[in-house]
Amino acid sequence: MAAFAANNLRLHLAVYHLHDILTGMLARMLNWGKEMCPLPEDIDLITLRRRMDTHIIGNTLMRYERVASTNDVARERARTGHPEGLVVLAEEQSAGRGRLGRNWISAYGDALLVSILLRPTWLPPGDAFALTMMAGVALCRAVEQVAPVRARLKWPNDLLLFVDGEWRKSAGILTEVSVASDTVEWAIIGMGVNVNQSPVGTVNGRDLQRTATCVSAAAGQRISRAALLEALLVAIDEHYASLQSGERGILFTAWRSRLARIGEPVTVTLHNGELRGIAEDVAPDGTLLLRDADGILHQVYTGDVGF
């Protein structure tokens with residue numbers, strides 16, 4: 001049996017290695033004629049799979065040089081019936097996006113661009129936001145594990161790190177959910193993490209040099225992308241198992257404790273304007289509870305919180 005297990009492990013690792021090679025070749029073919037960059041060697045799928053002690057997350061690992069969006073790749077796999085746990089990685093995205101249709105940019109080889117396919121058919125559609133909570137808590141935990149920093153969240157899903165006397169965004173989370181017949185058919189959690197280089201330029205009217213940062217800038221040292229990725233996938237695997245076992249209240253408490261600006265004045269940008277007031281609290285379903293200057297309590301389901 002021991003020999004069989006060893007051979008089985010070698011077979012799986014060989015599959016991961018072959019898939020890594022083939023997807024890299026395919027990415028180069030699709031980008032033929034463009035300036036090519038070799039895949040950075042700091043992340044190795046064979047080593048990652050061997051080191052990770054996970055039950056679901058990372059059962060299949062896919063890595064690309066360039067894609068339009070890792071969420072797009074994961075979505076296509078979801079529609080063709082791929083099992084949950086798939087992890088899609090890319091070094092660069094040509095159409096990366098965040099919440100509210102905003103663009104997401106990152107430097108080649110210095111960020112983590114990852115999407116994870118889940119099939120939480122046991123989760124009521126009304127509780128789907130728990131997956132975003134899970135990703136946020138896991139990301140904070142992973143960053144603090146590999147870097148000497150304190151991580152917080154900006155409602156509902158941005159990672160904040162303290163740099164130059166203020167909290168700045170270092171990562172974003174985009175969760176996509178497909179519901180069929182009152183059942184969550186599949187969900188994709190996409191994350192873009194600025195690891196070793198802060199973004200520059202202006203995106204959606206925002207000067208990124210004033211609002212964004214990276215993990216290494218907050219830590220004052222270069223960060224291993226491989227170590228951060230491993231910590232992130234392990235944390236998500238553990239929180240996903242806890243959520244499936246019914247520990248949603250524990251997850252909500254952990255997510256709420258990470259939120260910045262609760263009890264403080266905030267401005268929320270909505271699709272039809274702005275709303276100012278005190279961010280009094282959040283509801284268990286993730287709704288932000290904001291009380292304006294007239295004493296009216298607003299329930300905010302989606303928007304962007306500014307400080």
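**View 1. Salt bridge between D72 and R75 in a predicted model**. D72 and R75 form a salt bridge (a side-chain nitrogen of Lys or Arg within 4 Å of a carboxyl oxygen of Asp or Glu), with their closest N and O atoms 3.0 Å apart. Both lie in helix α3 (residues 70-79), 3 residues apart, and are therefore separated by about one helical turn. D72 is partly exposed at 24% relative accessible area, whereas R75 is buried at 12%; buried means under 20%, exposed over 50% and partly exposed in between (1.4 Å probe, protein chains only). Helices (H or I, at least four residues) and strands (E, at least two) are DSSP runs numbered from the N terminus. Residues are numbered from 1 along each chain. In this predicted model, local features need pLDDT of at least 70 and side-chain atom pairs count only at pLDDT 80 or more, while totals for chains, interfaces and linings use all residues; side-chain values use heavy atoms, without hydrogens and water.

**View 2. Salt bridge between E144 and R258**. The N to O distance is 2.8 Å. The pair links distant parts of the chain, E144 in helix α4 and R258 in helix α8 (residues 248-258), 114 residues apart. E144 is partly exposed at 28%; R258 is buried at 19%.

**View 3. Open sheet of 5 strands**. The strand order is β13-β12-β11-β10-β14, with antiparallel pairing (pairing requires at least two DSSP bridges between two strands). The edge strands β13 (297-300) and β14 (304-306) each pair on one side only. Strands β10 (residues 265-270) and β11 (residues 273-282) are joined by 6 bridges, and T269 has E274 in β11 as its bridge partner.
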